[in-house]
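Work through these exercises with the sequence and the model side by side. Try each task before reading its solution.

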Amino acid sequence: MKNKNFMWIIGIISFTAACIAAITAFLIVKDKQKKDDEELMEYLDNSIE
């Protein structure tokens, strides 16, 4: 019984860690994309002038 409970706890912790890692990666990618878009818009604005 203890072994089964231990496996459930490990599974829940692993699932939570995987979700946090996925969310963090998503936020980092979105932030990088936003910065790239801002740099592109700045470049385009400067090249027009």
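Buried means under 20% relative accessible area, exposed means over 50%, and partly exposed lies in between (1.4 Å probe, protein chains only). This is a predicted model: local features need pLDDT of at least 70, side-chain atom pairs count only at pLDDT 80 or more, and totals for chains, interfaces and linings use all residues. Residues are numbered from 1 along each chain as its sequence is written, and side-chain values use heavy atoms, with hydrogens and water left out.

**Exercise 1. Overall form**

Task: Find how many helices and strands the protein has, then state its spans and its buried share.

Solution: 
- Step 1. Count the elements: the protein has 1 helix and 0 strands. Helices (H or I, at least four residues) and strands (E, at least two) are DSSP runs, numbered from the N terminus.
- Step 2. Take the spans. The C-alpha trace covers about 75 × 5 × 5 Å along its principal axes.
- Step 3. Check burial. Of the 49 residues in the protein, 0% are buried.
- Step 4. Accessible areas come from the Shrake-Rupley method with a 1.4 Å probe; for residues, only the protein chains shown count as cover.

**Exercise 2. Salt bridges**

Solution: 
- Step 1. A salt bridge is a side-chain nitrogen of Lys or Arg within 4 Å of a carboxyl oxygen of Asp or Glu.
- Step 2. Search the whole structure: 2 salt bridges turn up.
- Step 3. Take D31 and K35. Their closest N and O atoms are 3.6 Å apart.
- Step 4. D31 is partly exposed at 40% relative accessibility. K35 is partly exposed too, at 47%.
- Step 5. Take K32 and D36. Their side chains meet at 3.2 Å, N to O. D36 has a relative accessible area of 35%, so D36 counts as partly exposed.

**Exercise 3. Surface patches**

Task: Which residues make the nonpolar patch, and which gather in the negative one?

Solution: 
- Step 1. Set the rule. Patches are made of residues with over 30% relative accessible area and no salt bridge; like charges are joined within 9 Å, nonpolar side chains (Val, Leu, Ile, Met, Phe, Trp, Tyr) within 5 Å.
- Step 2. List the nonpolar patch. L40, M41, Y43 and L44 make about 420 Å².
- Step 3. Look at M41. This residue is in helix α1 and is partly exposed at 48%. Its C-alpha lies 20 Å from that of I28, 13 residues away in sequence.
- Step 4. List the negative patch: D37, E38, E39, E42 and D45.
- Step 5. Look at two members. E39, in helix α1, has a relative accessible area of 54% and is therefore exposed. E38, also in helix α1, is partly exposed at 47%.

Definitions and conventions
Lys, Arg positive; Asp, Glu negative; His and termini not counted. Charge placed at Lys NZ, Arg CZ, Asp CG, Glu CD.
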